[in-house]
Amino acid sequence: MRYRSIMAATLTVAVTALSLSACKSSGNGGSNNTNNPSGGGGGGGGKTLVISSDLPLQGASHDVSASTNNAINLYLEQVNHKAGSYTIQFKTYDDSTAAAGKWDEATCAANAQAHVGNANEVAVMGTYNSGCAKVEVPVLNQASGGAMLMVSNANTSPGLTKSWVGQDQGEPDKYYPTGTRNYARVVTTDDLQGAADAQFAAQDLKVKRCLVLNDNETYGQGVAKAFENEAKKQGIKVLANKAWDAKQPSYAAVFQSVKPQNPDCVFLGGIYDNNGGQLVKDKFSVLGDNTKVKLLGPDGMVGYAANDKVAESQGMYMSFPGLSTSTLTQQGGAAAQFIASYKSKYGKDPEQYAMYGVAAVQVILAAIAKSDGTRKGVTDAVFNGSGITIAADQSILGKEFTIDPKSGDTNLQNVTELTMKNHQEVFFKAQPIVAQ
């Protein structure tokens, strides 16, 4: 655990982009206990409580994060900023820096201190990047007034919640020093996503020889390893699993080195923020277009306008560890209605992860409504007893979903394969999940 950088960081870099809002009546189910709070870090019955988002608002992830915050604000307006008898304020935190152009470890550490230092803040929606969550969760776990709840819309690293074949030493227990779980998520994990991508590559794309690259971060290493392991089971020869250096101006040599082995597939395990655009261009220039040598990526490559625009990305396949916005629209119900409202207000559909940001907020609001308004009470509502279930008729995902009170993972396990066509990420197929 990274306590040295966490404790050294100052609060002043923590909060960038503050958005506060408050209003009226309820749209969330669950019972409400209005006992006086015990301990610090959260108000009693009927008080105003703060929930927050913690996302990268600078760099290539800006559009996705802005869409997510817009969607959360819209949803809170629709439920009158209420959870049970509590009035909800929403505050946004930026965990990126302009210099990095993406999430930043020191900023995540400072944000964690800012969250626990805000006495009225009871829950965090985030983070977007798994590496940032691994910095923040242990700090939130030791918050005064009880462990503070974090519910992520996008973290897919399995080790945050469970043991798995690619885990770091001590996962997941090292993220919960008090022994109490306080972290949940509403998306599918990379052990399932990476494996589904490999099955898609073998069974649908019929590839036989793949180069696997990873960005040398927690998320990228994990999803690349999951892809590699399943690819081998599927009869795909993995030519290499190499880390790329995000600071390199060119990756032509990487692709030249494998060209003699005649790869018919390249899998980019990592986030687009780590110079993914250059990788896409260099793959194209050395190995050919994406009909000749298939280019695949996980959700770390999804939702980036810069990637959508370039000719070299056309025909690329990307996975999303959930249901796509187009699928949710077709399903109808609460999800389709919300998407229509968002489009009416903002002139376009929400990003894929924005819908899952709202789903995470639905979990948080349901927990608040079921709690006594303290941090401990909110977290206990998720991780004790029956936990949290969001009914199908209210679910922003169009289906009933639950959070497992033992692990914090969701029962909804979906992977959607997208493809880049006419400079847009469009639905290709729903990829079945095979238990690992």
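# A guided tour of the predicted model

Begin by selecting Asp380 and Lys376, whose side chains meet in a salt bridge, with 2.7 Å from N to O. A salt bridge is a side-chain nitrogen of Lys or Arg within 4 Å of a carboxyl oxygen of Asp or Glu. The structure is a predicted model, in which local features need pLDDT of at least 70 and side-chain atom pairs count only at pLDDT 80 or more, while totals for chains, interfaces and linings use all residues. Residues are numbered from 1 along each chain as its sequence is written, and side-chain values use heavy atoms, with hydrogens and water left out.

## Helix 13

Asp380 and Lys376 both belong to helix 13, where they are four residues apart, or about one turn of the helix. Helices (H or I, at least four residues) and strands (E, at least two) are DSSP runs, numbered from the N terminus. Are these two side chains buried or exposed, or partly exposed? Asp380 counts as partly exposed because its relative accessibility is 22%, and Lys376 is partly exposed at 46%. Here buried means under 20% relative accessible area, exposed means over 50%, and partly exposed lies in between (1.4 Å probe, protein chains only).

Now select Thr379, which is also in helix 13 (residues 375-383). Thr379 counts as buried because its relative accessibility is 2%. Leaving out residues up to four places away in sequence, Thr379 touches Ala147, Met148, Leu149, Arg181 and Asn182. Such a contact means heavy atoms within 4.5 Å.

## Charged side chains around Lys134

A search of the whole structure finds ten salt bridges. Side chains of opposite charge can pair when their charged atoms come close. Select Lys134 and Asp168, which form a salt bridge at 4.0 Å, N to O. This pair links distant parts of the chain: Lys134 is in helix 4 (residues 130-141), and Asp168 is in the loop between strand 7 (149-152) and strand 8 (183-185), 34 residues apart.

Next, select strand 1 (residues 48-55), which is mostly covered: seven of its eight residues are buried. To see examples, display Leu55, whose bridge partner in strand 3 is Asp94, and Ser52, which stands opposite Val124 in strand 6.

Now select Ile51. Its contacts, not counting residues up to four places away in sequence, include Ile88, Phe90, Val122, Val361 and Ile368. In the largest nonpolar core, which has 81 residues, Ile51 and Ile368 touch the most other members. Helix 12 (residues 352-369) gives the most to this core, with 14 residues. A second, separate core of 25 residues includes Ala201, Cys210, Val212 and Val238. A nonpolar core is a set of buried Ala, Val, Leu, Ile, Met, Phe, Trp, Tyr and Cys residues joined through side-chain atoms within 4.5 Å. In soluble globular proteins, nonpolar side chains tend to be buried together.

Select strand 12 (residues 294-297). Both of its faces are covered, with Lys294 and Leu296 on one side, Leu295 and Gly297 on the other, and all of them buried. In a regular strand the side chains alternate between the two faces of the sheet.

Strand 12 is joined by two bridges to strand 13 (residues 317-320), and the two run parallel. Gly297 has Met318 as its bridge partner in strand 13. Strand 11 (residues 265-269) also pairs with strand 12 in the parallel sense, over three bridges. The bridge partner of Val266 in strand 12 is Leu295. From strand 11 the chain crosses through helix 8 (residues 276-287) to strand 12, in a right-handed β-α-β crossover. Right-handed means that, with the strands pointing away from the viewer, the path from the first strand over the helix to the second runs clockwise.

## Confidence

Finally, colour the chain by pLDDT, the predictor's confidence in each residue, from 0 to 100. The mean pLDDT of the protein chain is 90, and 89% of its residues reach 70 or more. Over residues 1-45, pLDDT stays under 50.

How values were computed
Pairing = 2+ DSSP bridges.
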